[in-house]
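The structure comes first, then the points by topic.

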Amino acid sequence: MYLNANISLGLNLSDTSENTAVPNSISVVSFIGIFILCFYIIVYSTSTVGNFVVLYICHRSGRSAAFKPTRTGFFNRYIANLAIADLLFTQLTVFDAVYAILADWVFGAAMCKLQGFLVELCYSAAILTLIAISRERRKSISDLEMKSRIQRIKERKIFSIIAWIVAFVLCSPLLYAYNVVKTETENGISRCNNIAWLHIGRRIYYSITIVILFVFPLTIMIWTQLKIKRVLNAQVVANQQIAALTRARQKKASRMLSSVTLVFFVLWSPFILTRTLRYFAWYEGEIMWKLSQLLTLASSAANPFIYSFYSLHYRIFIKRLITCQCRRFMAKSENVPTSTAISLY
């Protein structure tokens, strides 16, 4: 977060100012400040609970016999990868919340570097995972050769690891870029800023990463969706009933992928655009900058709702999860000794 003594709000996503003073700060007692706080609390809670549920379902769907009738491979390693990236990104914002409350970075230089690096790592891993999902969907629809479940699991594991390795390599320079700076005009308050490269270094680095991690993935995903649509329209199957069921299932999976991709790019585009404008000194305002940062957090909370909307299996998992927990609670209540139960009233 980029703050001043009035406790302004925003995420610590590659802060661009080299000055220790913060112009155009947003006070926490203003309408915008209150809106940002409320929005943050709601989105943080939603993202944390939603992604924890997704990870729990990914874990149970492959191991519990109760989920066997609905085990279709939907909740695979790719979905877990996205949930891990979203959940980690959400938890990293807690440091920013404390930064906002104290108006001072109290976590030290090492955590400043680590937090700035991990935030970008989560974004990079998520976008690379979306590319891997798009690749699998395209190949599963267009390839004539059917791969076994074991082969698909192996491929997902390999590409998931590759996504995190590539993201780590691309984001590792940020471990050098972030530094803690003591201000002279604000009683020695510490700031965690991305200032080591100065303006020219940031412009070069983020111009490269925008192409690799935004423009190129967006182009690949648009091309993938167009190819999937052409393949589905051109498919010919002898049995019309089987063809209708197959196309309906494939189109539903493709729509879910399109929705996840669209939401991701729509919610991250304002931040990418605003950050680029700030690097080249074409925009110096604060309100749009802070709001664009909040939208990136909202993207972490959106995916569980998309899964729920498009996947019947996800809804079944949620229902079974709630039902199982309620049954366990009722069973424990029935096993409480009578003397203890009476003492509660």
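**Annotated spans**

In this predicted model, residues 256-273 are 100% helix and 0% strand, with the end C-alpha atoms 26 Å apart. Residues 78-102 are likewise 100% helix and 0% strand, and the end C-alpha atoms of that span lie 37 Å apart.

- Both spans carry the feature "transmembrane region" in UniProt, where the entry is unreviewed.
- The UniProt record also places this feature at residues 28-57, 114-133, 158-178, 204-223 and 293-312.

**The disulfide**

- A search of the whole structure gives 1 disulfide.
- The bonded residues are C112 and C192, with an S to S distance of 2.0 Å.
- This pair links distant parts of the chain, 80 residues apart: C112 belongs to helix α3 (residues 108-142) and C192 to strand β2 (residues 190-194).
- The link of C112 and C192 is right-handed, with 90° about the S-S bond.
- C112 and C192 are both buried.

**Other cysteines**

- C122 takes part in no disulfide. Its nearest cysteine sulfur belongs to C171 and is 9.0 Å away, whereas a disulfide requires the two sulfur atoms to be within 2.5 Å.
- C122 has a relative accessible area of 2%, so this residue counts as buried, the cut-off being under 20%.
- C38 has 41% relative accessibility and therefore counts as partly exposed, since that class lies between the 20% limit for buried and the 50% limit for exposed.

Note on methods. Residues are numbered from 1 along each chain as its sequence is written. This is a predicted model: local features need pLDDT of at least 70, side-chain atom pairs count only at pLDDT 80 or more; totals for chains, interfaces and linings use all residues. Side-chain values use heavy atoms; hydrogens and water are left out. Helices (H or I, at least four residues) and strands (E, at least two) are DSSP runs, numbered from the N terminus. Buried means under 20% relative accessible area, exposed over 50%, partly exposed in between (1.4 Å probe, protein chains only). UniProt positions are given in the numbering used here, feature names are shortened, and annotations may be inferred rather than shown by experiment.
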